[in-house]
Amino acid sequence: MSLTAQDPATAPLLQVRDLSVRLGPVAAVTDLSFDVHRGEFLGIVGESGSGKSVTAKAILGLLPHSADIRGSVKLEGEELLGASAETMRGIRGNRIGLVFQDALAALDPVYTIGDQLVEALRAHTDISKRAARKVAADLLGEVKIPKPAERLDSYPHQLSGGQRQRIIIAAALIAEPDLIIADEPTTALDVTVQKQVLDLLAEVCQRRGASVMLVTHDLGVVAQTCDRVATFYGGLLVEEADVFTLFDGPRHPYTSALLRSVPRLGQDTPFQAIPGSPAQIYIGLYACPFAPRCEHAEAVCTAGVPPEFREGERRHRCVRVGRGEL
Ligand SMILES: Nc1ncnc2c1ncn2[C@@H]1O[C@H](COP(=O)(O)OP(=O)(O)O)[C@@H](O)[C@H]1O
Ligand code: SF4
Ligand SMILES: [Mg+2]
């Protein structure tokens, strides 16, 4: 822990420290630490069940009351863990924008897009309905919805999945948040539309100088849009580096396997699935969670949870790499 007070100008926008989340018998997240700096795009990748959504929800105060949450989550130095439900509602509406997978669930089916955006705008600023409608139409234009003024009168079900997700992005921008947390925002869409929506998300956030924490299984999108990447496995952050360093030479065997599993553009190398199934961690983590699937596993890997090894700006949690054996 730092002895000096953090300078707000250089302190990370979001600082997660030693976050552990237990949901009933499941250790969903263990000892997780990372930062998101101002204007930075952090990609979070990892197989299903690795704790990505639980992390996003812990930051946003969206986990069930029964969750056992430890550690610290600070937004501009302000502790969010343990904050009241009302404070967290304010944070979600104003300072952190949310873009989750299911746009249909996020939009109310009985109100038009215009009504929903106008209401959200008026909750944030003291403007007339007419002025809010104009701002809403401009927002739809910004997220590249064709004929925005007409679209305001549409109901969610009258739009395509890609358009609905663009509207969720527009809604997330209303309060001009410093941080957008996007959790697999395009998984429900078909592949070409996914790319368009992610490009759009990156473009509008860049233009507005917002930071993004992007949870995705799409490494191509991470390579194109993110500054840094964190790999999750079994609720543990197993590797983090800037995007070029990580793609150029992953250090952790799981990151290597993950990168190998993606067919490269323009190459004929076949897709290589990672053998074995993703970890489900019960009771607690006492070893490297990847050990059952790791071709390099030895006794030392199950002697305890691998500590964090730092190499300059990058870090990982592989004991054997840390010892210089791999
Ligand atoms: N509400 C819940 N109750 C119990 N276990 C949960 C709950 N939500 C998630 N989990 C478990 O926590 C682990 C991490 O889940 P999650 O963060 O959703 O993974 P992902 O990386 O796919 O987003 C998984 O083992 C999952 O089964
Ligand atoms: S700690 Fe051991 S089991 Fe885990 S990734 Fe490294 S070599 Fe593999
Ligand atoms: Mg998830």
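Of the 326 residues of the chain, 48% count as buried, meaning under 20% relative accessible area with a 1.4 Å probe and protein chains only. This is a predicted model in which local features need pLDDT of at least 70 and side-chain atom pairs count only at pLDDT 80 or more, while totals for chains, interfaces and linings use all residues. Residues are numbered from 1 along each chain as its sequence is written, chains are lettered from A and ligands numbered from 1 in the order written, and side-chain values use heavy atoms, without hydrogens and water.

**Chain**
- The chain has 12 helices and 12 strands, taken as DSSP runs (helices H or I, at least four residues; strands E, at least two) numbered from the N terminus.
- The C-alpha trace spans about 65 × 50 × 35 Å along its principal axes.
- Accessible surface (Shrake-Rupley method, 1.4 Å probe) comes to about 16,000 Å², and 53% of it belongs to carbon and sulfur atoms.

**Ligand 1: shell**
- Residues around ligand 1 (a heavy atom within 4 Å) include Leu23, Val26, Glu47, Lys52 and Gln280.
- α1 gives the most to this shell, with 3 residues.

- In the side chain of Lys52, an N or O atom is 2.8 Å from an oxygen atom of ligand 1.
- Ligand 1 taken alone exposes 560 Å², of which the protein buries 66%.

Definitions and conventions
A polar contact is a pair of N or O atoms within 3.5 Å; within protein, one must be able to donate a hydrogen and the other to accept it, and residues adjacent in sequence count only if both atoms are side-chain atoms. Buried means under 20% relative accessible area, exposed over 50%, partly exposed in between (1.4 Å probe, protein chains only).
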